[in-house]
Every structure is written in structure tokens, then in C-alpha cells.
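Colleague: Please show me the model. I would like to go through its strands and loops with you.

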Amino acid sequence: QVQLVESAGGLVQPGGSLRLSCAASGSIFSIVAMGWYRQAPGKQRELVATRNSGGATNYADSVKGRFTISRYSAENTVYLQMSTLKPEDTAVYYCNVRGYDIGRSVFDAWGQGTLVTVSS
């Protein structure tokens with residue numbers, strides 16, 4: 001099994017910054033992609049940013065230029081640096097990791113979610 005542990009979110013003022021982290025552990029053979037999704041109240045879960053094993057990144061238009069996804073491969077950890085936060089960034093943020101486990105089976109793991117609230 002693969003486990004994901006996310007860092008705590010929190011309350012941030014508009015214009016502020018926050019960094020989320022997500023550490024993957026367990027029976028991991030290789031990671032294909034790591035990413036972040038979010039779900040605002042009353043809305044569907046949406047992609048925020050992803051990063052594949054080759055380093056290619058993909059961002060939602062709404063966060064381009066403000067958010068940065070990065071990965072510390074040695075510890076299977078992915079980060080989401082969020083800057084210039086806006087009230088509309090308020091959501092529960094979920095980490096997602098996809099890859100192969102030690103049995104060479106595909107896994108698609110999700111974190112427990114962490115609430116980020118942007119408000120004055």
C-alpha cells in the first residue's frame with residue numbers, strides 16, 4: 001500500500017503565501033506523477049498542478065504564475081508553493097500520486113485533504 005501524508009493548510013490573508021507538502025511512502029517502486037487538486041465548497045474537484053517523473057509540469061490557468069509545484073525525489077515528496085493567494089483559492093487541497101508499486105501494479109493514491117482558507 002501507498003500512504004500519503006499532507007502538511008496542514010491554514011488561514012492566509014489575501015496576497016499571502018503558503019506551502020503545502022505531501023510525502024508518499026509504502027510499497028512504491030516508481031512514481032509516474034505527483035500533483036495537487038482542490039475542491040471548493042459546492043464545486044467539483046479540479047486540477048491545480050501536476051508534475052511527472054520527467055519534470056514536466058501542468059498548471060490550471062487560474063494558478064499559473066502564482067503557484068509552483070516541485071518534487072524532492074529522494075523522499076518522494078511533492079510541494080505546492082502558493083503565492084499571491086486569492087479568496088477564490090479557498091478549498092480543500094488534495095495530493096495525488098500515481099505510479100507502480102513493488103508488485104509492478106499501478107497505484108493511484110490520494111491524500112486526506114487539507115483546508116486552505118484565504119480570507120482577511
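Colleague: Where does Asn76 lie?

Modeller: This is a predicted model, where local features need pLDDT of at least 70, side-chain atom pairs count only at pLDDT 80 or more, and totals for chains, interfaces and linings use all residues. Residues are numbered from 1 along each chain as its sequence is written, and side-chain values use heavy atoms, with hydrogens and water left out. Strands (E, at least two residues) are DSSP runs, numbered from the N terminus. Asn76 lies in the loop between strand E7 (67-72) and strand E8 (77-82).

Colleague: What is the phi of Asn76 in the hairpin of E7 and E8?

Modeller: This hairpin has 4 residues between the strands. Asn76 is a residue other than glycine, and its phi is positive. The value is near 50°.

Colleague: How many bridges join E7 to E8?

Modeller: Two strands pair if DSSP finds at least two bridges between them. Ile69 stands opposite Leu80 in E8, and Arg71 has Val78 in E8 as its bridge partner. E7 and E8 run antiparallel, and the number of bridges is 6.

Colleague: What does the twist average from one strand to the next?

Modeller: The open sheet has the order E1-E3-E8-E7. Axes are lines fitted to C-alpha atoms, and angles run from 0 to 180 degrees between N-to-C directions. From one strand to the next, the twist averages 15°.

Colleague: Is Thr84 buried, partly exposed or exposed?

Modeller: Thr84 sits in the loop between E8 and strand E9 (91-101). Its phi is positive too, near 45°. Buried means under 20% relative accessible area, exposed over 50%, and partly exposed in between (1.4 Å probe, protein chains only). Thr84 has 46% relative accessibility, so it counts as partly exposed.

Colleague: What relative accessibility does Val32 have?

Modeller: Val32 is in strand E4 (residues 28-39). Val32 counts as partly exposed because its relative accessibility is 34%.
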